[in-house]
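Here is a short briefing on one protein model. Keep the sequence and the 3D view side by side as you read.

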Amino acid sequence: MAKFIVEQVAARDKLETELIDIREIAIATDDAGETLKNPEFATTIERADGLIIVVPEYNHGYPGLLKHVLDTCLKEYIHKAVGLCGVSAGPFGGTRVIQNLLPVMRELGLVTIFYDLNFSNVQTLFDDSGNLIDKPTYIRRMERFMDELVWMSTVLKHGRQEFN
């Protein structure tokens with residue numbers, strides 16, 4: 001799912017995108033918070049004007065590793081837009097994981113956009129080659145999502161430049 005989203009973002013003019021797979025971030029698990037900051041991850045987040053978090057739902061929640069990695073940065077997130085994409089094997093498309101992430105995003109200083117992407121029954125969304133089956137539907141949803149994320153990112157960037 002994340003690769004589809006990166007592909008759609010990259011197709012837009014004037015946007016730079018980078019996929020961060022948190023499984024590939026070297027981070028200790030014997031402490032917490034900013035003491036574990038990964039310099040490369042922090043630099044990428046600092047440079048970004050907006051974020052898209054693609055997160056699978058597991059028992060109505062988000063993976064602990066995601067929370068652990070998110071908590072390693074703080075000032076890098078302040079007044080930046082974030083769009084949330086929920087993925088689930090069930091019919092709700094990750095709506096519950098998104099609901100659980102909203103207070104975390106606020107606490108980190110991120111500003112969530114008003115439109116989420118939901119991918120339900122993920123086991124049926126792809127063909128045997130890993131291609132999205134109903135691509136036109138998800139492209140339409142992605143366009144609306146991206147319009148909101150770009151708008152919010154632009155407004156917040158202006159605010160950060162004017163008031164920081």
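N59 is found in the loop between β1 and α3. Helices (H or I, at least four residues) and strands (E, at least two) are DSSP runs, numbered from the N terminus. This is a predicted model, in which local features need pLDDT of at least 70 and side-chain atom pairs count only at pLDDT 80 or more, while totals for chains, interfaces and linings use all residues. Residues are numbered from 1 along each chain as its sequence is written, and side-chain values use heavy atoms, with hydrogens and water left out.

**Loop residues**

- The phi of N59 is near 50°, a positive value in a residue other than glycine.
- N59 is exposed, with a relative accessible area of 65%. Exposed means over 50% relative accessible area, buried means under 20%, and partly exposed lies in between (1.4 Å probe, protein chains only).
- N121 also has a positive phi, near 45°, and is not a glycine. N121 sits in the loop between β4 and α5.
- N121 counts as partly exposed, at 30% relative accessibility.
- Most residues other than glycine have a negative phi.
- G90 lies in the loop between β2 and α4. At 24% relative accessibility, G90 is partly exposed.
- Leaving aside neighbours within four places in sequence, G90 is in contact with S120 and N121. Contact means heavy atoms within 4.5 Å.
- G90 and Q123 are 33 residues apart in sequence, yet 9.1 Å apart in space, C-alpha to C-alpha.

**Nonpolar cores**

- The largest nonpolar core has 24 residues. A nonpolar core is a set of buried Ala, Val, Leu, Ile, Met, Phe, Trp, Tyr and Cys residues joined through side-chain atoms within 4.5 Å.
- Which members touch the most other members? They are I53, Y77 and M105.
- At least two residues of this core come from each of α2 (39–47), β1 (50–56), α3 (64–70), β2 (80–87) and α4 (95–108). The largest share, six residues, comes from α4.
- M105 is in contact with I53, L70, V82, L84, L110 and T112, leaving aside its neighbours within four places in sequence.

**Helix faces**

- In α1 (residues 2–10), F4, I5, Q8 and V9 are buried. They line one face of the helix, because seen down the axis they fall within an arc of 130°. The arc is that of the directions from the helix axis to the C-beta atoms.
- An α-helix has 3.6 residues a turn, so residues three or four places apart point the same way.
- The cover over the buried residues of α1 includes β1, β2, β4 (117–119) and α5 (135–163).
- In α2, the buried residues are F41, A42, T44 and I45. They cover an arc of only 160° around the axis, so they are on the same side of α2.
- On the other side of α2, P39 and E40 are exposed.
- The buried residues of α2 pack against β1, α3 and β2.
- R160 lies in helix α5. R160 counts as buried, at 15% relative accessibility.
- R160 touches A48, D49, I78, H79 and K80, not counting residues up to four places away in sequence.

**Cysteines**

- How many disulfides are there? The count comes to zero, where a disulfide is a pair of cysteine sulfur atoms within 2.5 Å.
- The sulfur of C85 is 20 Å from the closest cysteine sulfur, in C73, so it is too far for a bond.
- C73 is buried, at 0% relative accessibility. C85 is buried too, at 0%.

**The largest pocket**

- About 1400 Å³ of space lies in the largest pocket. A pocket is an open set of points on a 1 Å grid over the protein atoms alone, where a 1.4 Å probe fits, with protein on both sides within 12 Å along at least five of seven lines. Grid points are joined across faces, edges and corners, and a volume is the space filled by probe spheres set on the points.
- The largest pocket is lined by 42 residues, and E18, L19, I20, I52 and I53 lie nearest its centre. Lining residues have an atom within 4 Å of a point.
- β1 gives the most to this lining, with seven residues.
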